[in-house]
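Here's a quick tour of a few local features, picked for anyone who likes to check geometry by hand. Have a look at the sequence and the model first.

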Amino acid sequence: MNNRRGGYKEMSQITKRALEASLKKLLTKKPLDKITITDITEDCGINRMTFYYHFKDIYDLVEWVCVEDATRILGENKTYDTWQEGFLRIFEAVSENKTFMMNAYHSISRDQVEKYLYSLTYDLMIKVIEDKAKNMQVRDEDKKFIADFYKYGFVGLVLEWIDKGMKEDPKQIIERLNALIQGSFAHALNNAKLNRS
């Protein structure tokens with residue numbers, strides 16, 4: 001029984017990946033709001049019912065693609081020492097999927113791109129904060145607040161970069177950011193610790 005469930009899950013992933021590949025391929029030819037579910041299913045040879053079994057609409061597929069990319073991108077780069085690497089990976093992932101991202105960003109699913117970036121960046125930031133606060137007594141809500149603060153700043157930078165056509169080298173953005181916020185995670189956590197006592 002378990003084997004059958006595992007095999008089904010694997011088939012489900014293969015189907016979703018096929019739909020993702022077709023969506024990304026079609027986005028090189030036309031904008032997201034001009035792509036239909038029929039376009040996607042015909043491109044990958046899957047019937048419409050199968051599409052609806054996995055996703056409620058195209059934007060649901062876009063969101064799934066974003067979440068899958070997010071999981072793949074960050075990998076293990078979620079510690080204080082490697083936040084720059086994690087953030088660089090976010091830039092690289094957006095860059096690798098430039099056509100997909102630009103289309104999604106400039107269409108009615110812009111909020112999904114933002115939600116994706118917020119989720120991705122928060123995941124990175126909370127791990128950074130948790131790592132830095134290892135030997136400190138800081139409340140969870142304070143850690144979350146600090147992670148949220150950095151998340152909004154980081155995502156703002158990425159959105160502006162997308163808005164300007166992704167021309168600036170992400171490494172330069174990260175170098176400038178690093179110079180600006182060096183030591184600020186520890187400072188913010190120390191302040192939170194002091195405010196607690």
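At what angle do helix H5 (residues 83-96) and helix H9 (residues 170-181) pack, and how far apart are their axes? In this predicted model, the angle is about 145° and the axes sit 10 Å apart. The crossing of the two is right-handed.

Who does the touching? On the H5 side, the contact is made by Trp 83, Gln 84, Phe 87, Leu 88 and Phe 91. H9 brings in Pro 170, Lys 171, Ile 173, Ile 174, Leu 177, Asn 178 and Ile 181. Sorted by type, the residues of this H5 with H9 contact come out as nine nonpolar, two polar and one charged.

Now for helix H1 (residues 2-27), which is where Ser 22 lies. Is Ser 22 buried or exposed? Its relative accessibility is 3%, so Ser 22 counts as buried, the cut-off being under 20%. The side chain of Ser 22 also has a polar contact of 2.6 Å with that of Asp 43. Setting aside neighbours within four places in sequence, Ser 22 is in contact with Ile 40, Asp 43 and Cys 44.

Last stop is helix H8, with a simple length check:

| Helix H8 (residues 140-163) | Value |
|---|---|
| Residues | 24 |

Just after H8, Gly 165 takes a positive phi of about 85°.

Key: Residues are numbered from 1 along each chain as its sequence is written. This is a predicted model: local features need pLDDT of at least 70, side-chain atom pairs count only at pLDDT 80 or more; totals for chains, interfaces and linings use all residues. Side-chain values use heavy atoms; hydrogens and water are left out. Helices (H or I, at least four residues) and strands (E, at least two) are DSSP runs, numbered from the N terminus. Buried means under 20% relative accessible area, exposed over 50%, partly exposed in between (1.4 Å probe, protein chains only). A polar contact is a pair of N or O atoms within 3.5 Å; within protein, one must be able to donate a hydrogen and the other to accept it, and residues adjacent in sequence count only if both atoms are side-chain atoms. Contact means heavy atoms within 4.5 Å. The expected span of a helix is 1.5 Å times one less than its number of residues. Axes are lines fitted to C-alpha atoms, for helices over the stretch in contact, and angles run from 0 to 180 degrees between N-to-C directions. A crossing is left-handed if the near helix is turned anticlockwise from the far one by less than a right angle, and right-handed if clockwise. Ala, Val, Leu, Ile, Met, Phe, Trp, Tyr, Cys and Pro count as nonpolar, Asp, Glu, Lys and Arg as charged, and the others, Gly among them, as polar.
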